[in-house]
Amino acid sequence: MPTGGQQRDMRRYAGACRYVFNTALALQKARYEHGEKKLGYAGLCKRLTEWRNGSKTPWLKDAPTHPLQQTLKDLERAYANFFAKRAAFPRFRKKGQGDRFRYPDPKQIKLDQAGSRIFLPKLGWLRYRNSRDVLGEVKQVTVSASGGKWFFSLQTAREVEPPIPHGGAVGIDLGIARFATLSDGVFYAPLNSFKRHKTALRKAQQAMSRKIKFSSNWKKAKARVQRIHARIGNARRDFLHKTSTAISQNHAMVCIEDLQVRNMSASAAGTADAPGRNVRAKSGLNTSILDQGWFEFRRQLDYKLAWNGGHLIAVPPQNTSRTCPCCGHVSADNRQTQARFACVECGYENNADVVGAINVLRAGHARFACEVSGAVMPPAAGTHRSDLSRINAGLSAVGIPRL
Ligand SMILES: [Zn+2]
């Protein structure tokens with residue numbers, strides 16, 4: 001709940017951070033083209049001081065120093081992620097996309113929870129609406145803008161008792177028709193928030209394209225488009241959090257297919273030399289995968305299970321949809337339709353997604369047994385060694401390496 005002046009200042013600070021990020025990125029790119037070495041964080045900070053004190057951008061001096069330096073840290077991390085092949089090459093930031101800045105020094109931050117206000121350097125006391133109680137000692141604060149509103153998020157540190165996991169082990173099969181199917185038969189229907197809002201979004205985008213750019217009607221139309229985007233994101237986040245919380249609270253071990261979401265959602269169109277096949281079907285699948293947020297779901301499961309003392313186990317996805325959980329027979333014929341599994345060898349029948357989840361659970365048990373082999377720790381609640389040797393035997397029969 002910032003005042004008008006505070007909102008203006010926050011916009012300016014976010015803008016200053018964006019400027020510093022983009023200028024530093026342009027500098028690094030130019031150095032690379034001239035065959036010069038990339039500047040490290042210290043070198044960039046030195047440049048920042050020059051920019052702040054120079055005559056070209058005197059307004060940088062109005063912004064708080066620490067957030068500007070943190071922006072350079074962000075750029076460093078973007079480069080590190082690129083070199084480690086975790087991310088694409090860093091891109092220039094655009095106004096209105098992820099406007100944010102971060103205060104790293106807890107000594108400069110004051111939080112008054114009872115009074116619902118927070119003190120930040122160069123902004124003063126800001127009133128806020130609370131989303132949850134802050135536990136522990138404040139470490140850093142990130143201020144961000146989304147859908148025309150301002151948010152701050154706190155990173156805190158505190159001691160917690162080592163959690164004791166409860167519940168057994170479960171396998172999960174992720175799919176399009178059912179978002180997640182558990183090996184015990186429970187399933188979660190997909191939300192597809194993007195699909196539902198697609199029409200509204202298209203109409204709003206068309207309305208915006210008819211307006212004269214930068215006119216006040218164009219700005220209004222643009223705000224509408226951004227609101228719909230924010231709503232889609234909120235609905236998706238809410239769905240993923242509810243689902244991952246429910247699963248992580250009731251299970252000590254969750255096994256999931258190690259899907260390369262990035263590969264699956266890679267361009268289906270291919271290149272001019274090697275055009276893609278089934279482009280239409282694949283791009284449909286891509287929209288669904290990205291819409292459903294499997295990657296984010298897995299990330300949430302991972303840290304929520306860790307909070308509760310549980311484990312997330314990723315298993316290679318070979319043959320999980322084609323193996324009979326009863327007799328171990330592997331055949332594409334076992335899966336007669338998308339939804340139905342019927343073993344051609346022993347006649348076992350079940351929902352195909354449940355079968356996938358059961359196979360994922362088995363592969364996960366095997367992997368977990370390998371990780372703790374030699375240790376006294378049991379593989380998972382309710383699993384005996386004899387089960388494991390049977391599962392392992394089944395695994396090598398279907399061509400998944402024994403672990
Ligand atoms: Zn069978």
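**Notes on the zinc site and a helix pair**

1. Along the chain, the donors of the zinc ion are spaced as C-x2-C-x15-C-x2-C. Donors here are N, O and S atoms within 2.8 Å of the metal (3.2 Å for Na, K and Ca), and water is not among the atoms, so sites may look incomplete. Please keep in mind that this is a predicted model, where local features need pLDDT of at least 70, side-chain atom pairs count only at pLDDT 80 or more, and totals for chains, interfaces and linings use all residues. Residues are numbered from 1 along each chain as its sequence is written, and side-chain values use heavy atoms, with hydrogens and water left out.

2. Which protein atoms are the donors of the zinc ion? They are the SG atoms of Cys324, Cys327, Cys343 and Cys346, lying 2.3 Å from the zinc ion. The arrangement is tetrahedral because the 4 donor atoms subtend angles of 106 to 112 degrees around the zinc ion; four donors count as tetrahedral if all angles lie between 85 and 135 degrees. For reference, the ideal angle for four tetrahedral donors is 109.5 degrees.

3. Two of these cysteines deserve a look together. Cysteine 327 sits in the loop between strand 11 (311-315) and strand 12 (340-342), and cysteine 343 in the loop between strand 12 and strand 13 (349-351), so the pair ties together parts 16 residues apart in sequence. Strands (E, at least two residues) and helices (H or I, at least four) are DSSP runs, numbered from the N terminus.

4. Is cysteine 343 buried or exposed? Cysteine 343 is buried, at a relative accessible area of 6%, while cysteine 327 is partly exposed at 39%. Buried means under 20% relative accessible area, exposed over 50%, and partly exposed in between (1.4 Å probe, protein chains only).

5. Now to the helix pair. Helix 1 (residues 4-33) packs against helix 2 (residues 41-53) at an angle of about 120 degrees, with their axes 11 Å apart. On the helix 1 side, the contact (heavy atoms within 4.5 Å) is made by Val20, Thr23, Ala24, Leu27, Gln28 and Arg31, and on the helix 2 side by Leu44, Arg47, Leu48 and Trp51.

6. Alanine 42 also lies in helix 2 and is exposed, with a relative accessible area of 59%. From C-alpha to C-alpha, alanine 42 and leucine 72 are 9.4 Å apart in space, and 30 residues apart in sequence.

7. For the whole chain, there are 10 helices and 13 strands, and 37% of the 403 residues count as buried.

Note on methods:
Four donors count as tetrahedral if all angles lie between 85 and 135 degrees; four count as square planar and six as octahedral if opposite donors are over 155 degrees apart and all others between 65 and 115; anything else is irregular. Axes are lines fitted to C-alpha atoms, for helices over the stretch in contact, and angles run from 0 to 180 degrees between N-to-C directions.
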